[in-house]
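Dear colleague,

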Amino acid sequence: MQISSVNDVKIYNLSHGKSLPEWLSDRKKRQLQKKDVDIQRRIELIQDFEMPTVCTSIKVSRDGQFILAAGTYKPRIRCYDTYQLSLKFERCLDSDVVAFDVLSDDYSKLVFLHADRYVEFHSQHGHYYKTRVPKFGRDFSYHYPSCDLYFVGASSEVYRLNLEQGRFLNSLQTDAVENNVCDINPVHHLFATGTSEGRVECWDPRVRNRVGLLDCALSSLSEGTEVQGLPSISALKFNGSLNVAVGTSTGQVLLYDLRSSQPLLVKDHFYNLPINSLNFHDQLDLVVSSDSKIIKIWSKDTGKLFSSIQPQVNINDVCMYPNSGMLFTANEDPKMNTFYIPALGPAPRWCSFLDNLTEELEESPESTVYDDYKFVTRKDLDNLGLSHLVGSSLLKAYMHGFFMDIRLYHKVKSMANPFAYEEYRKDKIRQKIEESRTQRVQVKKLPKVNKELALKLMEQGDDEAELTSRTKKGKALPSILGDDRFKVMFENPDYQVDEQSDEFRLLNPIVSKVGQKRKKKLRLLAQQDATSQQVADDEEEPEGRASSEEESSDDDKSWVEEVREQRRLLRQEDRDRRRQERKEADRNTVLLEREQNGGEKTSNMATSKKTSQPQFYQIKAGEEFRSFNDMARKQKLQKASLEDRLKMEEYSGVSNVADTAVGSKQLTFTLKKSEQQRKQQQAERDHHEERKKLRRSAGHLSSRRGRGWGGRGRGRHQGVFAL
């Protein structure tokens, strides 16, 4: 038995533990039970409660005496008697079971829907009758008043098979391409089917007409959800006469009131897996929904999670035992799990001893940590000299280490380090000495990084401590210096505050003024506390003394002026720096031109004579002629480095770099226009000028007596409006 707790709700897995093979003899089983601790602690609630390979679905009869499970391989049905806690019978089938239902109170009437389109009926003695539906079926429901079986599947029709007449009736034609699930309300017998398009169609069996349609696909999608496909309906369950739960293939559960087309609540499993089972717990108003990964138990009113169960294998079906806290699961595993949750209800009558067992376990709770074992890693084994025990029965491998007996660990520890007690005793003495030193007068040591900030924090802490000691109103707040979260700020040089940076110079007036106000407030509080027993008769302020509001306004004005002054100084320094860089760039340009001219003169004297004559330059297409210096500048840019080109573009206005008050960088680029763009803009300007020259008279629009009345009125308004 395995015990887990989710949201302080105890969950007992009664199927956890080793299972003994059937081919073992009774003597061998008894020997194993004596030796193996896991087999001794296991609880076999129902004997042979398992399938050969996989269990696909599980149900409980209405009288609660029989548990029926369908599985494979080979396809079979097993019936367990809870009164005998053992297997009642087993019947093999011809093909896999898609869905089955119990028509009677016990196991005497069973219906199976097979994967090969056959519908098989079983009575108490065994196989009774077999028929076939036109299309592959996926689910079916039984309508008790009319004895009709409704089959849904890979078709738009819902096939009706009457068990009293023994023949198929007219089918129901739906608007869907395929139908996945169906259910019938136990109160007013409304038939509902879930389609592959994400809709639920409701039909009245009395008139065989559709009476309602719910579009659940759009309601299941929330804001920000990535839509990979249209969600289809994968589970459907009625609760009472008005409520219905709908499960989608994308992992959402929607609760509806049949009188409204909008869901009351949408619960997401967050696994993006189809919901395969829905159940209601009426005593606590809970919903039990499951997909292949997890079983979630939550409130149907608020959606708050009550508890959850996450087995180690995938889940195919979930069945709750009525009026109890027990539930069964059909898994992708031979063993069918049995869970008991005392918070949901008592144990069933046939296993009432579970209540006493769980009460005893709650009185003496077991720790989740192995008390009799010690977890050690490979490094610990090397230090203890026990590496040769790896692979033996003394070490049990677990995760990244091993479990070993705690007695063996203590014995080896004392042998490997016989002076451990002396070291422990010295550590305790050292701790006592350090505690006594804290009571002495300590000299404040400033850290190596941010000394000024640490000194300011110390002064503020002393002021607050002094005020707290005077007022005796609570304890002082802990300082940042004693907080481990800010320890790196006073140890790592990367966190050093640069007082020469622009950001610090802009924020320093504000911070300093806030600190001054804080100190002033502390002094005022101390003065008020000292004079709290004296009653002031004069409530008016003496002349010549400003009020606190005026003082605060003066302080605000002062720090605003300081911030403005700092901004002005920063702008002035920026202008001076750019002017100096521009001068340096011009000087370098002149020197570069002189060097080039000097090299040309020394290389060839004949070319120096030709330079005195006029020179002709060819202007290429798409270029604009400005001056002869542009050619030299372009040649200089081609030979200069990227840093020099960026600086020269910055001076010429092509790029602009600006510093903001908070230290962010803003880079603005002005791109040069091509010849085609300039021609297009010029053509647009010419077109607008041509349109402005074309003016038409609009005087008749403002005249009230018509176009031909009076030349005076026409002349007055002529030419006012222009197209």
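Tyr12 of this predicted model stands opposite Tyr340 in β29. The strands named here, like helices, are DSSP runs numbered from the N terminus (H or I of at least four residues for helices, E of at least two for strands), and two strands are said to pair if DSSP finds at least two bridges between them. Strand β29 (residues 337-340) runs antiparallel to β2, to which 2 bridges join it.

Tyr12 is also the bridge partner of Ile3 in β2, where strand β1 (residues 2-6) and β2 pair in the antiparallel sense over 5 bridges. These two strands, β1 and β2, form a hairpin with 2 residues between them, and Asn7 in the turn has a positive phi of about 60 degrees. Of the 5 residues of β2 (residues 9-13), 4 are buried, with buried meaning under 20% relative accessible area, exposed over 50% and partly exposed in between (1.4 Å probe, protein chains only).

Elsewhere, an open sheet of 4 strands has the order β11-β12-β13-β14, with antiparallel pairing. Its edge strands are β11 (137-143) and β14 (167-173), each of which pairs on one side only. In that sheet, strand β13 (residues 157-162) pairs with β14 over 5 bridges, and Asn162 has Arg167 in β14 as its bridge partner.

Residues are numbered from 1 along each chain as its sequence is written, and side-chain values use heavy atoms, with hydrogens and water left out. As the model is predicted, local features need pLDDT of at least 70 and side-chain atom pairs count only at pLDDT 80 or more, whereas totals for chains, interfaces and linings use all residues.

Best regards
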